[in-house]
Amino acid sequence: LKNGRVAMIAAMGYIAPEYFRWPGYCSTSAGVKFADIPNGLAALSKVPENGWAQWITFCGFIELGLYKYDDSRAPGDYENGGVLGVPNASTLPEGESRNKRLNSELANGRLAMMAII
């Protein structure tokens with residue numbers, strides 16, 4: 001489930017720069033503008049190391065701090081995570097609608113995993 005969520009974010013990150021770029025600088029000290037960063041894997045060499053360190057730190061905080069894994073809960077069901085992962089502890093109501101949404105998330109995650117390949 002988590003791999004599907006990461007793949008959905010990765011697919012959006014691959015597609016979105018084709019249509020939108022942030023204005024200004026990604027790194028003022030290195031002189032790298034957002035417009036100078038290419039799409040896809042070519043971006044790995046253009047983003048400064050400190051930028052990657054910030055992303056790794058942020059993802060580590062989310063993984064280890066905000067959304068801790070709990071064996072007593074269903075996979076992907078985090079205590080602090082609400083609907084769409086928004087940390088407000090809202091939940092989907094039990095029933096057929098909930099099952100349909102969870103199955104849709106699984107299907108979309110699988111599709112995103114194939115798309116990002």
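These exercises work through the fold, dimensions and one tryptophan of a predicted model.

In this predicted model, local features need pLDDT of at least 70 and side-chain atom pairs count only at pLDDT 80 or more, while totals for chains, interfaces and linings use all residues. Residues are numbered from 1 along each chain as its sequence is written, and side-chain values use heavy atoms, with hydrogens and water left out.

**Exercise 1.** Compare the radius of gyration of the protein with that of a compact globule of 117 residues.

*Solution.* The radius is taken over C-alpha atoms, and the globule rule is 2.2 Å times the number of residues to the power 0.38. For a compact globule of 117 residues a value near 13 Å would result, whereas the protein has 17 Å. As a further step, consider the box that the C-alpha atoms fill, which is roughly 50 × 30 × 25 Å along the principal axes.

**Exercise 2.** Locate W22 and decide whether W22 is buried or exposed.

*Solution.* First, W22 lies in the loop between α1 (2-15) and β1 (25-27). Next, recall that buried means under 20% relative accessible area, exposed over 50%, and partly exposed in between (1.4 Å probe, protein chains only). W22 therefore counts as exposed, because its relative accessibility is 57%. Finally, W22 and V47 stand 25 residues apart in sequence and 14 Å apart in space, C-alpha to C-alpha.

Definitions and conventions
Helices (H or I, at least four residues) and strands (E, at least two) are DSSP runs, numbered from the N terminus.
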